[in-house]
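Please consult the sequence and the structure shown below while reading.

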Amino acid sequence: MKILLAEDEKDIATFVKKGLESELFTVDVAENGSQGERMARANAYDIVILDHNLPEKNGIDICDTLRKNGKNMPIVMLTAEKEVAKKVQAFQCGANDYMTKPFAIEELIARIHVLLRDHPHSSGTVLTHRDLEIDLDKFIAKRSEKSLDLRKKELALLEYFMRNIGAILTRSMILEHVWDTNADPFTNTVEVHVRRLRQKLNAEDTEHYIETIRGIGYRLN
């Protein structure tokens, strides 16, 4: 899943990004409010984390703008403010949750999992397709009840395919959702990871789960 983190304090942004990526989330970081709003409106994120006091445009205004423009992804507000009025303001503008700094990354991750689980467009944390199963809470992937030895990016790639069964996913779509915005669009990393994932899915037979659509992309059958 892909997360937007709008946080101007670099140490906090680095800390949160690292923690979320350890949970297999793909994380884009915005350093100010204007950039955060542009990214949130232009891209499809599963969740948005906003600092309350961002430069150029604050988190409250961004949240309000996103809701007015039909963006309904879960939004978590981060702030050093402890006043109840600030929390109320965040919920009134459409935020789903609110955390006061300093906070434990484990708690933020737990809250994110709850929001994603309860969100109406979430497919949950256990995904199944034919004889494949992924448990995203435990980072376990199985085929026919046998564990698959997948690396983090391979698991994230399989998750993206399993959330879009039957859909043709272009190379740029995969790069955007499984990697962050710093990924080199001219690299062959997508092809390499798809090849490795295929090898591990098809270790015992010749059946192809992931089909190549020539000139377009890939599809999970």
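The structure is a predicted model. Two packed helices are described by the angle between their axes and the distance between the axes. Here, helix α2 (residues 33–42) and helix α3 (residues 59–68) have axes that come within 10 Å and cross at roughly 20 degrees. Angles under 35 degrees count as roughly parallel, and α2 and α3 are therefore roughly parallel to each other. The crossing in which α2 passes α3 is right-handed.

Which residues meet between α2 and α3? On the side of α2 they are Gly-33, Glu-37, Ala-40 and Arg-41, and in α3 they are Ile-62, Thr-65 and Leu-66. Sorted by class, this contact of α2 with α3 has three nonpolar, two polar and two charged residues.

Most residues other than glycine have a negative phi, and most peptide bonds are trans.

| Residue | Phi | Loop |
|---|---|---|
| Leu-24 | about 75 degrees | between α1 (10–21) and β2 (26–30) |

Ser-144, at 44% relative accessibility, counts as partly exposed.

A cis peptide bond runs from Lys-101 to Pro-102, with omega near -5 degrees. Pro-102 is found in the loop between β5 (97–100) and α5 (105–118).

Methods
Residues numbered from 1 in each chain as written. Predicted model: local features only at pLDDT ≥ 70, side-chain atom pairs only at ≥ 80, totals over all residues. Heavy atoms only, no water. Axes fitted to C-alpha atoms, helices over the stretch in contact; angles between N-to-C directions. Helix = DSSP H or I, 4+ residues; strand = E, 2+ residues; numbered from the N terminus. Parallel < 35°, antiparallel > 145°, perpendicular 65-115°, else oblique. Left-handed = near helix turned anticlockwise from the far one by under 90°. Contact = heavy atoms within 4.5 Å. Nonpolar A, V, L, I, M, F, W, Y, C, P; charged D, E, K, R; others polar. Buried < 20%, exposed > 50% of the residue type's maximum accessible area, 1.4 Å probe, protein only.
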